[in-house]
Amino acid sequence: TTLGGFTLTLDGEPLQGLASRKADALLVYLAVTRRAHAREHLATLLWDDRPLGRSLGNLSVLLNSLKKQLAPFLQIERQNISLNSGSEVEVDLHTLRDTLDVWNHEAAAAGAVSLQALEGALTLYQGDFLQGFHLRGARGFEEWASLERERSLRLVLQALRKLAKAHLRRRGGSESAIHTLRRSLAIDPLQEELQRKLMRALALSGRQSEALAQY
């Protein structure tokens, strides 16, 4: 799981005894990007404060350690490193993004909106991508994580806006819309458009005092 923090489990149990925080970083990077990366790229990503030769040596040591616990999940080649495409790896960020992609496609193609599926996917967003996860001497990794954090936040806020709009179109959907708008504003209270929508939804529901309090 990567949304709201970072946890790593194997067969439902927390994975213990990894070599270092950079082992966690390497695994999450391979899992999220879902492709192979050159050794030089990974070495620079995780140890950009060291000469390349030393960084590559550190990466080799790290990979040897990971192979002892996770050999079936790793594809380690002379030039490239990736997760084994045949292994079962689940990432909450992928589940969220894939569901949003399907929902957007179905809504655009047929006009049929599966609100339940969207709401279920959005419950996966428990906070920022890799919240509280930081690495020293790994500026490349930190920059990548920051971009993923902004991207996932933007996708979630976009989906919440669409969900609130869909609820408002439904008869009797005002309460669900209010809940969705409040959730979106809890993530980012500076969305003025949604502040207005929430005040309007509260007022239309006969809750004028709450609308004024929101203002």
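In this predicted model, Q69 is partly exposed, with a relative accessible area of 30% (buried is under 20%, exposed over 50%, and partly exposed in between, with a 1.4 Å probe and protein chains only). Q69 belongs to helix α3, residues 52-70 (helices are DSSP runs of H or I of at least four residues, strands runs of E of at least two, numbered from the N terminus). Leaving aside residues up to four places away in sequence, Q69 touches L15, Q16, G17 and L18 (heavy atoms within 4.5 Å). The Q69 side chain reaches the backbone oxygen of Q16 at 2.8 Å.

The C-alpha atom of Q69 is separated by 31 Å from that of A121, 52 residues apart along the chain. Within helix α5 (residues 115-122), L115, L118, A121 and L122 are buried. These buried residues fall within an arc of 130 degrees when seen down the α5 axis, so they line one face of the helix (the arc is that of the directions from the helix axis to the C-beta atoms).

The lining of the largest pocket comprises 23 residues, with L8, T9, E88, V89 and E90 nearest the pocket centre. Elements giving two or more residues to this lining are β1 (9-10), α1 (21-33) and α4 (92-110), and α1 supplies the largest share, four residues. A pocket is an open set of points on a 1 Å grid over the protein atoms alone, where a 1.4 Å probe fits, with protein on both sides within 12 Å along at least five of seven lines; lining residues have an atom within 4 Å of a point.

Residues are numbered from 1 along each chain as its sequence is written. Local features need pLDDT of at least 70 and side-chain atom pairs count only at pLDDT 80 or more, whereas totals for chains, interfaces and linings use all residues, and side-chain values use heavy atoms, with hydrogens and water left out.

Note on methods: A polar contact is a pair of N or O atoms within 3.5 Å; within protein, one must be able to donate a hydrogen and the other to accept it, and residues adjacent in sequence count only if both atoms are side-chain atoms.
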